[in-house]
Every structure is written in C-alpha cells, then in structure tokens.
Amino acid sequence: MQTVTLNNGVQMPILGFGVFQIPAEQTEQAVTNALAAGYRKFDTAASYENEEAVGHALAASGIPREELFVTTKLWAQDNPAEEHTRRAFETSVKKLGLDYLDLYLMHQPYGDVYGQWRAMQALHREGRIKAIGISNFYPDRVVDLVDHNDITPAVNQIEVHPFFQRAADQQINSERGIVIESWGSFAAGKNNLFTDPVLTEIGRAHGKSVPQVVLRWLIQRGIPVNAKSVSPERMKANLQVFDFELTPQEMDRIAGLDTGATLYFDHRDPAMVTWLGNRRTG
C-alpha cells in the first residue's frame with residue numbers, strides 16, 4: 001500500500017475503505033470483509049451513524065491498532081462549540097472502541113468553525129488525535145482557517161472525481177501543506193461514469209475496469225481516496241490498482257472530462273448552508 005505523508009509527518013494509506021450510506025446493520029460485515037481483502041484505512045463519520053459497527057469489526061479482527069488508520073468526522077456543534085466538540089469526540093471514540101484517532105475531520109465548514117477547530121487542536125496536542133483536518137472547505141474558507149490558527153489542517157476531504165477534478169483547489173491546498181482527499185470518487189455513477197467511453201477505452205488498454213482506472217487516476221494525482229462497496233469481489237478489485245500506470249496521454253484524456261461543477265450540491269448555496277449548518281446528529 002502506498003502512503004502519503006501529511007504535514008506533521010503522519011503516514012496515511014492512499015487507498016482506504018469508506019462506509020458512507022452503508023446501513024449500520026450491514027457495516028460490521030462490510031468492514032470485516034474489507035479487512036479480509038486487505039484494507040487497513042477506514043473512513044466513517046458521526047453523521048453516518050455506523051461508527052459503532054465499524055468499531056466492532058475492527059475489534060473482532062484482532063489486527064494490532066498500530067496497523068490501522070481510522071478517520072471519523074465531527075458534525076457542526078451547538079455553542080459552546082469547544083465544549084461540545086470535546087463531547088462529540090469522546091462519543092465517537094467510545095463508539096469506535098478506540099483510545100485515539102488517526103485522523104479527525106471537521107465534516108462541514110459551518111457553525112462556530114473556530115471554536116470547533118480550537119478544540120480539535122487541543123485534542124491533537126493532547127495526543128488523542130494523530131492528525132486533524134477538514135472536509136468540504138472551498139479555498140476561501142481554507143485560507144481563512146489557515147491564516148488565523150496555529151495548526152494547519154493535514155487533510156481536506158472534498159468531492160473529487162473525473163467530472164469535478166478540483167485541480168485549482170488541489171494547488172491552493174497543497175501550497176499550504178494540505179492534502180486533498182477524494183469523496184464521491186465514482187460520482188455515484190452520475191454522467192454514466194461506469195460506461196464513459198474515455199474511461200472504458202483506457203481501462204480496456206490496461207485490462208482494468210472503469211472504477212480501477214478512476215482510483216489509479218486519483219492515486220497518480222497524489223489524492224487519497226476511500227472506495228466503498230459491500231461486494232467482497234469489488235472490494236478486492238478496488239485494491240488492484242498498484243500494478244499498472246496511466247500514461248501522460250491517458251491522464252490528459254481524463255482531464256478533458258472535467259466539467260468544473262459539482263454533481264451533488266454546492267456547499268456555498270445559501271439554502272444548503274442553512275440546512276446542513278442547522279442539522280444535528282447524535
């Protein structure tokens with residue numbers, strides 16, 4: 001497994017397993033299957049409501065804690081944000097059955113972002129979290145957070161796929177020592193991604209599937225990703241992306257698929273800001 005070095009020296013596997021929208025009752029088996037396939041990096045969130053199931057699978061595996069890389073995410077908190085962030089963190093690690101997190105992300109750029117970040121910085125200094133980061137932050141919010149805080153986020157997890165490639169965002173984050181990590185890497189199959197002629201032709205040239213081409217494209221851009229599947233066969237296939245390399249010409253062809261726009265929703269849309277910023281999760 002390749003790794004990326006975060007800005008504080010932490011090594012993060014470049015390919016992991018995500019559990020977004022996997023029902024809690026299916027998550028434990030999915031994570032168990034992913035562990036058997038060889039995954040050691042796992043990505044969940046308080047808002048996914050399946051942290052406990054992830055924790056059960058990790059504990060049952062018997063795999064040493066130091067061989068695992070576990071990420072979860074903080075949802076927007078009510079005031080006082082620092083106090084509630086600590087409470088949310090303790091709830092998450094208890095559900096996961098862990099003493100520390102490898103990576104803790106602020107899930108959305110809403111609410112008292114600074115109060116939440118102060119609490120996350122404190123938890124990092126106390127050794128409870130190896131690295132802290134953010135998610136869904138556009139460049140303006142990234143720059144503002146970095147310029148007014150002591151610790152620069154290690155990771156910014158954002159929507160990245162062939163139809164929304166975020167090259168400029170990657171550059172701006174990288175200039176500040178932040179690694180962007182992809183969510184929605186397969187675009188949920190939108191724009192007919194799985195049958196796209198360019199991706200299909202490139203895959204055929206390497207004897208690989210479209211999902212494998214997409215994962216390889218992200219990896220060659222230095223973008224970590226968490227692949228999700230409940231199928232053990234697809235879990236294994238998604239790991240088989242380190243035995244081929246896309247040519248510069250193939251990377252250019254994929255670059256030509258970029259529409260420059262989200263396929264989900266705009267985190268800067270006022271109605272969406274109101275909905276997400278006022279939503280609460282246990």
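Which residues does UniProt list for "domain: NADP-dependent oxidoreductase"? I looked up the record, an unreviewed entry, and it gives residues 21-257. What I have on screen is a predicted model. In it, I find that the span is 46% helix and 15% strand, and the C-alpha atoms at its ends lie 26 Å apart.

Next, a helix pair. Two packed helices are described by the angle between their axes and the distance between the axes. I picked H3 (residues 81-96) and H4 (residues 113-125): their axes come within 7 Å and cross at roughly 50°. The crossing of H3 past H4 is right-handed. From H3, I noted Ala81, Glu82, Thr85, Arg86 and Phe89 at the contact; the H4 residues they meet include Gly115, Arg118, Met120 and Leu123. I sorted the residues of this contact into 6 nonpolar, 3 polar and 3 charged.

Then the backbone. Most residues other than glycine have a negative phi, and most peptide bonds are trans. I went looking for exceptions.

Asparagine 79 and proline 80 are joined by a cis peptide bond, with omega about 0°. I traced proline 80 to the loop between strand E5 (69-74) and H3.

Alanine 187 has a positive phi, near 55°. I found it in the loop between strand E9 (179-183) and helix H7 (197-206). Asparagine 191 also sits in the loop between E9 and H7, and its phi is positive at about 55°.

Are these two buried or exposed? Alanine 187 is buried, at 0% relative accessible area, whereas asparagine 191 is partly exposed, at 42%.

Definitions and conventions:
Residues are numbered from 1 along each chain as its sequence is written. This is a predicted model: local features need pLDDT of at least 70, side-chain atom pairs count only at pLDDT 80 or more; totals for chains, interfaces and linings use all residues. Side-chain values use heavy atoms; hydrogens and water are left out. Axes are lines fitted to C-alpha atoms, for helices over the stretch in contact, and angles run from 0 to 180 degrees between N-to-C directions. Helices (H or I, at least four residues) and strands (E, at least two) are DSSP runs, numbered from the N terminus. A crossing is left-handed if the near helix is turned anticlockwise from the far one by less than a right angle, and right-handed if clockwise. Contact means heavy atoms within 4.5 Å. Ala, Val, Leu, Ile, Met, Phe, Trp, Tyr, Cys and Pro count as nonpolar, Asp, Glu, Lys and Arg as charged, and the others, Gly among them, as polar. UniProt positions are given in the numbering used here, feature names are shortened, and annotations may be inferred rather than shown by experiment. Buried means under 20% relative accessible area, exposed over 50%, partly exposed in between (1.4 Å probe, protein chains only).
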